[in-house]
Amino acid sequence: MANVLAFSETRLGELRRAGLETVTAARQVADATGGQVHAVLVGAPGVAQHAAKLAAHGADVVLVMEHDAFTHYNPEAVTATLAARLGSGYRAAFFAASAMGHDLVARVAAKMKLAYASDVTEFTLSGDSVAVAHPGYTNKIVQRFVLKATPALISLRAGAVLPAESAKAGTVETLTPAVEPASVRVKVTLTEKAAGGKIDLGEAPVIVAGGRGLKEAANFALVEALAAAFGNAAVGATRAVTDDGWRPHSDQIGQTGRLVSPDLYVACGISGAIQHLAGMRTSKTIVAINKDKEAPIFKAADYGIVGDVMEVLPVLTEAVKAARAGA
Amino acid sequence: MSDFDGYAAEVAIQITEKLGAGEVTVISLGPDVVQESLRKALSMGAHRAVQLKHDAPVSDGLAIASALAAELKDGGYDLVMCGRMAVDTQNRSVGIFIAELLGLPVISAISQLNVEGGLVKARRELEGAYELIECPLPAVVTIDEGIARARYPSLKGIMAAKKKPLDVKPAQLGAVTYALEKMELPAERAAGRIIGEGKDAVPELVRLLKEEAKVL
């Protein structure tokens, strides 16, 4: 009957989708074991407004920790508080496999001297152990681990569990910081959204990505135009392109960059080096446009067009616009 | 040497070059094959190397960090740098565990680094955003993309590396509670098809995206 904790991530006062995924995952475990779901909300004063949404997704209790020193991510104060709370007896705790979640789950595990499971795509609890799957060897392999630690600390890959409604009471309780939040060693001094309010690569249903086949940075305008035509698309790039400074490193998809699995991935002028494929091969549908018909990207793609991206992209952009206008 | 470890070695070497002082020690835990990575870091410009010898594969980050922290417990450094993650297990845990075991502040997955006035100032990329973070030295940082590319060792560097110290010691691993059961290949993608050439293929692509893939 032990309870399950879900860390519900917020950024600059906004609840992130990952924050609902962790609550849904915790709900699944609690429904199987008979425990309660305790969701944790941390932020500047006012963050408690998201409690109702967490309740709608299955939180029996919402633990709220508000303080001006939580305007930005405050890793040390949140870690100390969660480690103390989890020490009081939980079966499992879910975090997002996000930049914040990766950092936080490791800190909490370190504080509790426990191993944890990172970037998990599947999990099964049984007795005192948890079987988990997560990608390894730059996503070329699925690794299955057994974690024998209580609580089982797990970070969930985005999309591994989709947010689902399951209304519960969501009783709001105040969580008191275990250390003074303003007197910590590690301080985040600024959190800033990327320019232009872009959709993030990890959250976009459609990604249009460009490679060296675009020949120069200015031609990324064609990729941007196709992304805009889809309306819900983010722009990605290969490492060759980010190394050349055509795009920021944060746009890089692949082995050492972002790992993405959108509904649709459009690879424009990308040859399909294994390092790039590692970052996007789990996309649901892959389209490749490349002038070399022997390019490895065509082996990964559902639909291929052999041709010059400079010629194909403008036509495709217009066709996508027309299709969406007609839909 | 994994990419992230290469970046970490590069940044460390750049700091000592800029200061004209200080030493870079590279440490790796594993079987004798890790000596190749250590020699590479020495040939890039690191000053000394330590192999914590352990022959069996281990994927428990806490067990690994315990051995590394034991090696680091006597201090003598200002900054400990690790790659953001091992590219095999992809756990992202060791740097943060080391910091906790040593009682040091840690900033993970940084894409920029400045060390000034006893402070570490760093940037971390978030999903669609970034944050700036600082903490006092001594500290641990883990290194992401964007910060530096590992240099290619020069011939002179390779020759010099042969004379630099590489100590081999047994690793003192902690208890293992996270163990690999098995590995399998991800589900194969169904064979794709080339639907045509040039812009004439666009109408068929749009039809397939609408009717077959249902993503439009």
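**Sheets and strand pairs**

Author: Let us begin with an open sheet of four strands, ordered β8(A)-β9(A)-β10(A)-β9(B), with antiparallel pairing. This is a predicted model, in which local features need pLDDT of at least 70 and side-chain atom pairs count only at pLDDT 80 or more, while totals for chains, interfaces and linings use all residues. Residues are numbered from 1 along each chain as its sequence is written, with chains lettered from A and ligands numbered from 1 in the order in which they are written.

Reader: What makes β8 of chain A and β9 of chain B stand at the edges?

Author: β8 (122-126) of chain A and β9 (178-184) of chain B each have a single partner strand, so one side of each has no neighbour in the sheet. Strands here are DSSP runs of E with at least two residues, and helices are runs of H or I with at least four, numbered from the N terminus. On average, neighbouring strands of this sheet are turned by 25° against each other, direction ignored.

Reader: How do you know that strand β10 of chain A is joined to β9(B)?

Author: Two strands pair if DSSP finds at least two bridges between them. Strand β10 (residues 141-147) of chain A has six bridges to β9(B), and the two run antiparallel, so they count as a pair by that definition. Gln143(A), for instance, has Met183(B) as its bridge partner in β9(B).

Reader: Which strand of chain A pairs with β6(B)?

Author: That is strand β13 (residues 187-193) of chain A, antiparallel to β6(B) over six bridges. Leu132(B) in β6(B) stands opposite Leu190(A).

Reader: How many residues does each chain bring to the contact?

Author: Chain A gives 73 residues and chain B gives 64, where a contact means C-beta atoms, placed from the backbone, within 7 Å. On the side of chain B, strand β6 (residues 129-136) supplies the largest share, eight residues. That side of chain B has 32 nonpolar, 13 polar and 19 charged residues. For these classes, Ala, Val, Leu, Ile, Met, Phe, Trp, Tyr, Cys and Pro are nonpolar, Asp, Glu, Lys and Arg are charged, and the others, Gly among them, are polar.

Reader: What is the strand order of the open sheet of seven strands in chain A?

Author: The order is β7-β11-β6-β1-β4-β5-β12, with parallel pairing. β7 (117-120) and β12 (171-174) of chain A stand at its edges, because each has a single partner strand and one side without a neighbour in the sheet. β7(A) and β11(A) run parallel and are joined by two bridges, with Ala117(A) and Ile154(A) as bridge partners.

Reader: Where does helix α1 of chain A lie?

Author: Helix α1 (residues 17-33) of chain A lies across β1 (3-8), β4 (37-43), β6 (90-96) and β11 of chain A, at about 175° to β1(A). Axes are lines fitted to C-alpha atoms, for helices over the stretch in contact, and angles run from 0 to 180 degrees between N-to-C directions. Helix α4 (residues 99-112) of chain A also packs on the sheet, touching β1, β6, β7 and β11 of chain A, and its direction makes about 170° with that of β11(A).

**Helices and domains**

Reader: Why are α5(A) and α9(A) called roughly parallel?

Author: Helix α5 (residues 220-230) and helix α9 (residues 309-326) of chain A pack at about 15°, with axes 9 Å apart. Angles under 35 degrees count as roughly parallel, over 145 as roughly antiparallel, 65 to 115 as roughly perpendicular and the rest as oblique. The pair is therefore roughly parallel. Residues in the contact include Leu222(A) and Phe230(A) from α5(A), and Val309(A) and Lys321(A) from α9(A). By class, the contact residues are eleven nonpolar, one polar and one charged.

Reader: Where are the domain bounds of chain A?

Author: Domain 1 is 3-174 and domain 2 is 195-326, bounds that come from an automatic or database domain assignment. Their C-alpha centres lie 32 Å apart. Six residues of domain 1 of chain A contact seven of domain 2 of chain A.

**Backbone details**

Reader: Which peptide bond involving Pro151(A) is cis?

Author: The bond joining Thr150(A) and Pro151(A), with omega about -5°. Pro151(A) sits in the loop between β10 and β11 (152-156) of chain A. In chain B, the bond from Leu137(B) to Pro138(B) is cis too, with omega near -5°.

Note on methods:
Contact = placed C-beta atoms within 7 Å.
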